[in-house]
Amino acid sequence: MKKLAISIVIFLMLSAPVFSSAVLVPCGVTDPLVIAVHPGYDKPCDFTAFMTLINTGITFIFYNMVIPIAAIMFAYAGFLMVSSGGSAESRSKAKSIFTNAVWGLVIAAGAWLIVKTILTFLGYDGAWIFDRFV
């Protein structure tokens, strides 16, 4: 029960920016303040805007949720490894956490790559690799 509560708290902390962002898709906005800050957001929604929504969602999940959770798991496993005090059980638990964190990161990166490839085949020509930093 304690692990579930900790997982829910971490998920809510990492997903909070989703609820605070006003515009996920740059189209169909009627708020004059948003249009003043982001000109061009008042255009009608189309297929490209839908692709932008998918790209924004997958980029957020990978960069703002998967990578920080993996870093937390690596730090936790490292702490268990250092503080094991020679206990074989603690070392094996830490190694298991390391392995699971690596596999989770590999699976998430594979899913990110598959979604980006599908978006490219469907004609979305947004920045493919460096879209996080643009």
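Reply: Start with Thr-99. This is a predicted model, and in it the side chain of Thr-99 reaches the backbone oxygen of Lys-95 at 2.8 Å.

Me: Where does Thr-99 lie?

Reply: Thr-99 is in helix α4.

Me: Is Thr-99 buried, partly exposed or exposed?

Reply: Read the relative accessibility against the cut-offs: under 20% is buried, over 50% is exposed. Thr-99 comes out at 39%, so it is partly exposed.

Me: How many helices and strands does the protein chain have?

Reply: Four helices and zero strands. From the N terminus, the order is α-α-α-α.

Me: At which residue does α3 bend?

Reply: At Phe-62, by about 25 degrees.

Me: Which residues of α4 are buried?

Reply: First the general idea. An α-helix has 3.6 residues a turn, so residues three or four places apart point the same way. Now the case here. The buried residues of α4 are Ala-94, Ile-97, Ala-101, Ala-108, Trp-112, Lys-116 and Leu-119.

Me: What do the buried residues of α4 pack against?

Reply: They pack against α3. One place to look is Thr-59, which is found in helix α3. Thr-59 is buried, with a relative accessible area of 10%. Its side chain makes a polar contact with the side chain of Lys-116, at 3.5 Å. In sequence, Thr-59 and Lys-116 are 57 residues apart; in space, C-alpha to C-alpha, they are 9.4 Å apart.

Me: Which residues make up the largest nonpolar core?

Reply: Five residues: Ile-58, Phe-62, Tyr-63, Ala-108 and Trp-112. The elements giving two or more residues to this core are α3 and α4. The most comes from α3, with three residues.

Me: How many aromatic pairs are there in the whole structure?

Reply: Three. A pair of aromatic rings is described by the distance of the centres and the angle of the planes. Take Phe-62 and Trp-112. Their ring centres are 5.6 Å apart, with 25 degrees between the planes, and the pair is stacked.

Me: Why does this pair tie together parts that are apart in sequence?

Reply: Phe-62 lies in helix α3 and Trp-112 in helix α4, so the pair links parts that are 50 residues apart in sequence. Check burial too. Phe-62 counts as buried at 12% relative accessibility. Trp-112 is buried, with a relative accessible area of 12%. Phe-62, Tyr-63 and Trp-112 form one aromatic cluster.

Me: Where is Ser-84?

Reply: In the loop between α3 and α4. Ser-84 has 11% relative accessibility and counts as buried. A polar atom of its side chain lies 3.1 Å from the backbone oxygen of Met-81. Leaving aside neighbours within four places in sequence, Ser-84 is in contact with Ser-90 and Arg-91.

Me: Is Cys-27 buried or exposed?

Reply: Buried, with a relative accessible area of 6%. Cys-27 sits in the loop between α1 and α2. Beyond its neighbours within four places in sequence, Cys-27 is in contact with Tyr-41, Lys-43, Pro-44, Cys-45 and Ala-49.

Me: What follows α4?

Reply: Gly-123 does, and its phi is positive, near 105 degrees.

Me: What do the totals say for the protein chain?

Reply: Buried residues make up 22% of the 134 residues. For contacts, look at separation in sequence. Of the contacts with a separation of 6 or more, 54% are between residues 24 or more positions apart.

How values were computed: Residues are numbered from 1 along each chain as its sequence is written. This is a predicted model: local features need pLDDT of at least 70, side-chain atom pairs count only at pLDDT 80 or more; totals for chains, interfaces and linings use all residues. Side-chain values use heavy atoms; hydrogens and water are left out. The bend at a residue is the angle between axes fitted to the seven residues ending there and the seven starting there. A nonpolar core is a set of buried Ala, Val, Leu, Ile, Met, Phe, Trp, Tyr and Cys residues joined through side-chain atoms within 4.5 Å. Buried means under 20% relative accessible area, exposed over 50%, partly exposed in between (1.4 Å probe, protein chains only). A polar contact is a pair of N or O atoms within 3.5 Å; within protein, one must be able to donate a hydrogen and the other to accept it, and residues adjacent in sequence count only if both atoms are side-chain atoms. Contact means heavy atoms within 4.5 Å. Rings of Phe, Tyr and Trp (its six-membered ring) pair if their centres lie within 6.5 Å; planes under 30 degrees apart count as stacked, over 60 as edge-to-face and the rest as tilted.
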